[in-house]
Structures are given as structure tokens and as C-alpha cells.
Amino acid sequence: MVLKTKITRIVSVAAAALCLTSGLNFVPLQIDIDAADTLTAFEITEEMQLGWNIGNSLDSYNAELSNIGLSAETCWGNPKTTQEMINAVKAKGFNTIRVPVTWFQHVDENYTIDAEWLARVKEVVDYCYNNDMYVILNLHHEEPYQNRSTLGADYEEITKYVTTLWGQLAETFKDYDQRLIFETMNEPRATGTDHEWWGPTQAEIDTINKINADALKVIRDTKSPYSDTRLVMMPGYCASSDTSMMSKVVIPDDDYVAASVHAYSPYSFAMDAKVADHSSFTEANKTELINIMDGIRKTFSDKDIPVVLGEFSSSNFDNTDARVEWAETYIATTKAYGIPCVLWDNNVKSNGGGEAHGYLNRSDCTWYEPSEPVVDAMFKVLNDDSIKWGSERKSPVIKHEDITKGKQLIDKVYELDASVEGGNCTEGRNVTWADIKDGEIAVEFTGDAPVIAVCDGAWDGWTEIKPYDVDEEKGIAYYSSKHIAAAWGEDKVDSIEHIFARTNSTTTVKAMAAIGAAQGEIVDPPVDNTKIYPIDLSSRKDGNNLLILTFEGKAGSVINGCLGYMNGADWEAIEWEGKIDSNGKFITNIVLDKIPEDITKAEAQMWWCDDENAEMTGYELTWLIVEPTDAPTNPVENVVYGDANCDGNVTIADATAILQHLGNEDKYGLSEQGRKNADVDGNNGITTEDALTIQMIDAKLLTVKDLPLKAS
């Protein structure tokens, strides 16, 4: 039986009198916890509130060395952690310190931890613990003892390493009360694979879940007054905040286990260095962030599982004002949901691209000027009494009409498998806006929750909608007409005539129905920035099999999308991505060999572009000419202008090679010699104008001897 006791909080009057100045320091919450008191898991997470990571210090390592010793703490450029640093963090208002630690370079062949290293870690833990702060201790960059490409096959070996370490750590810290929290692993994943950060295999998921359970057992079996009530944080694959990956996390039946999630969200704003403009925190960013947090709430909090956001931050892109807005939204949402957050700080002030997470200057224990307002904004929200901690911990209760009462849209069971060609979606079923209006679609399923898609009468305009609510007990996903209209376009909803259910993995669809309106609060739909352009493939003839799409927008903008088409009752898509070049153009080339010749209609979809005004400006059907297999691989001595593929000739194939290179340099790279040969228009660098010049040669409007053209 767990005793729930009252925990005393002492809040200084100075903390309540907020003085909004750039150098504002907030007086922190002081904790007065008697060792005999026992808190529930949710009381612990409420006390934690806002924390700070000592990033890139005790978690640093040198892969070139077998044992690095105490110098590991500073090998990534940060100074040694001091009591003064921890005092500065507490004085600012932080109540929790996460101590990431890498252990693999400090163990022997039996995984016994080096005594000096363990003593140093304990010293840093004590800086925080003896300062009346909560402390999170973990296993961090354990490469390759834990994170490895063979993660799914190496359970026995990995769990021996993880549990041996936790046996020693639990024993070392057995007399520390509930203020010390253990985190089993950090971002466990299959490193070095093509799915390192996304799409784990079931074997990899199973390995992580079993290791989490094994580590918990070792901690609970330790003879300690706190072994049963110590909070233990458990991550899923990558500690991802993606709903599909969070849903795979198995949390043991234990009152003192919390899900460990990392959320540098929304990624495009907070971390993505490829995004050209971070100067504003847009409504789309805000909606995406709230939806991510709502997914965390639905996955864990709704099931009475505590959550700790062990890492979050927004990199400094010289966008302090936007980061302040981000911080206000982030903390207002997590505070209402009752989720403590621990800020990642690697002491990189700026110019770190997506990794400039510097808040505290560890050299002099002051706060960096570009980031201090961001931290102040977080504490302003925490001290705002109008937002109550955990007041929205549970999702709003929504009552749905019985799926059997609505208009039934399918009459058989569909076994969907995304790994099978053409097997990822149901047949198209007839539905009209009159069937959906003011109601919702319900899909009964097992496996992963599907998405639904709608099309018009000509099977064009494929548009997908994610479920906004899932009843996991009944296995029913719900899709609001409000969300369908927002995704399709409210001004043309009457053109909807067909509906599908689709999966990204394996799903059994048992039933689909159009039912009446739900009772309860329905969250706003995610902002859909997809732009759709019709493509006429009917002119494809004489074997021409290359589609060239041209987009224009702001130079440097990241852009992605697909070419989609209906193949019978199946929607199929060829994805593309890249960056708009210095001339404001992005050209992507799509080989049409796999698209049946009887497909006459398709659409280019632009899912995302940093430049919201970017548009597709044209497309062209042409021939893909494959380079000869005996093309020379060694650079020729002299530049042969126009011969981009180095086959000894200047033909339309060279223009295609240039366009492919510009569209996707990683996939269609030119050799060093090819780059020299390709620059034919008289300007410095390879552009679409070079390809156009070669096309003019092919059309006999120019000759090879005219190359290179003289710059105008």
C-alpha cells in the first residue's frame, strides 16, 4: 500500500512578484521532503516541473579510445561541472537536473564500473541532490554496447550490459530518496541502419521493451528503503514523440514507472538546419506542437502513465523572439497536461545549426543573452496561476455514436500490409459529403490505426486524414468531418465521392461507417500545407519515361512531396525531396517505368516547403537516356564542355544528368570531371541554364564548339 502524504512547498514572495526585465531571476520552488514521506508518481512529476540537462559533459566519450578515464567529462569541450553551475541553475528556478552519463568507456570486460568514474558521477549527483533538487541519472551514449545495428537480434548481450550497470548504480545510490530518479536508457535505436530514427522492426521494439523490464526488476530487487517507490523512466525507440512509435512502448504494471519522451518539437522550427527561415513561430508550428503533445497525452496520460519530457529545446537560429513564443506555447501546454520538461543544454551558444542549445554559460555561470529570454518565458508561464498544473491531464471525454448505427461503407474484412505492393489500402467505397457532413467516419480495426483518404468522382485528389480519437479498447478510430473538410477544402467538399482506409504497416480493417456527430470537444485539425497540381500522362508515347517537375520559390528552401496516382483502386505515390537552388528553382526527375502505361492522370503534391509561396511552374515528359556502362571513371585531362556524364559525347543525356543532379545531388551526383564539363553557360556553378544550353545543342540551335558560352 502506498501512503499519500502532503509535501510542503515554500514559495518566496519575491517569486510571486514578477518583474519582467531581461535579467530577471525567478526564485525557485524549495522542496521540504521528509525521508519518511512517500509521494505518488504523479506527485513526483508535479514537483519536478521544469528541469535542466548537463548535456555533453558526463555523457561525452571518445570512440577512438578503449578507456578514457576522468578526462571524458571535458573531451567535448565543456568545463567540469561545478557546484556553482548547479547553484546558478537552481537560482534561475529549475527544480530538476538530468545527469546524462556514458558508461561504456569506464567499464571492464565484466562491465564493472571504474571506481574513479563512479565517484565523479556521484559527486555531480550530490551537487544537485544535496541542493534539494530532483535528479535524473541515466545510461546515455552506450555505443555499441546498447545502440547497434543488430539491436533486434542481440537482446541477451545488451540486457546483460544494461542490467549489470543498473545493479551497480542501484546499489551505489540505494540510500537516496525519491528525489533521485533512474532512467533505464537514452534514445535506444538501431544505429547505422536506414531506419535509425524512424520505423523500427518488431524485433527491435521487443528488445527495448524487454530490456526496460529487466532493468526495472534489477532496480526493484535492490535492498533499499526506496526500491519500490523510486521513479523509473523508460524510453521507447529513440524516445520518440511520434504516436506510432510511442504506441509500441510497453510500460510494466508498476505504480512508479514513467514514460521517457524527447520532443524537440516541432522539428522544422526547433532543430532543422535545412529550413531557411526560423524567424517566426507560425500558427502552423503552434498547431503541430499542440498536436504532438496531445498525442503524448493520449498515449500515456490517458492511461494514468506519468510522462517526463527528458529532452526538449529550440536551437538558437538568431530568432529569440520566435523562440520565446515557442517556449510560451510549449510550457503552457505541458503544464496543463501535467508533464515535466527537462531542457537540453549543450553549452553551444550559436552557429551550431540545429544543435545550438546553449542556455547557461558554464564558464562564468551567467545566462547567454540570446537564450535567457527563452528561459524567462518558461518560468513566466510556470508562475502564471491561470494555468493549473495537470488541469488537462486527461483528454476531453468524447462520446461517439455506435459504429453499427451509421451508414456502413465496407462489407468485408481487409487485411492490409504496407510491405506488399498494392496491399496498403482498402478498395474505394462510395461516400458523399451528405453522408459525412456534421458527423464523422468510424473505422474498426486491429493492428496500427489507419488513416483514411477521400477522392472525387474521377478518383482524383487523394487526400489523407489522420484519426483525432482512437478507442483502443474497442479498436475504433474516428475521423471528424471538420478535419476532412479542412484537408480537402471546405469550398469543394461536395465533390467528395470515394473513401479508403490505408496503413503504413499492418492493419486489419473490419468495418467502416459514416456516423453522427460526436459529443465532446474536438481539437482543431492540423494545418495541411499540401499543394496539388494535376499531371496529364496521356501524351506519354514512344517510350518516353521521364517526368521533369519544376518548382520555383525562395532559394535555400527545403521542399518535398510526391507524384501520386490511382492504380485501379489503389493509391500509389513516388516521393521526392530536395532544396530550391540559388536561382530559385527546384527540379525533380521521376522515372515512370513502374507506372502502367494506361495511367493517364496523376498529380504532383507539394507537401511542404519553407517558402509558403513556392509553386510548381511546369512539367515536361521526356526520355531517360541511361549512361553507357563503359563510361570512363577517371577524369579526362581537359574539360569537354557539355559532357556532364563523361561518356565522350554531348547529348540530351547530359542535360538529364544535370537536371537529376540538381534535383537530388545525393542520389545523382556528378563526378568532379562531370561538374567541370557541365558548367557551360558561362556562369560559375551548375544550374538549370546549363541543362537548357545542352538541350539547345540537341535541337541544333547551338553547337558544341560554341561552348562554353560567354557570360553576358
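User: Which residues of α5 are buried?
Analyst: This is a predicted model, where local features need pLDDT of at least 70, side-chain atom pairs count only at pLDDT 80 or more, and totals for chains, interfaces and linings use all residues. Residues are numbered from 1 along each chain as its sequence is written, and side-chain values use heavy atoms, with hydrogens and water left out. Buried means under 20% relative accessible area, exposed over 50%, partly exposed in between (1.4 Å probe, protein chains only). In α5, the buried residues are Tyr 155, Ile 158, Thr 159, Tyr 161, Val 162, Thr 163, Leu 165, Trp 166, Leu 169 and Ala 170.

User: What span does α5 reach from its first C-alpha to its last?
Analyst: Helices (H or I, at least four residues) and strands (E, at least two) are DSSP runs, numbered from the N terminus. Helix α5 covers residues 155-172, 18 residues. The expected span is 1.5 Å times one less than the number of residues. That expectation is 26 Å, and α5 comes close to it, reaching 26 Å.

User: Which residue does a cis peptide bond join to Glu 143?
Analyst: Most peptide bonds are trans. Here omega is about -5 degrees.

User: Is Asn 347 buried or exposed?
Analyst: Asn 347 lies in the loop between β10 (341-343) and β11 (360-361). Its phi is positive, near 65 degrees, though Asn 347 is not a glycine. With a relative accessible area of 13%, Asn 347 is buried.
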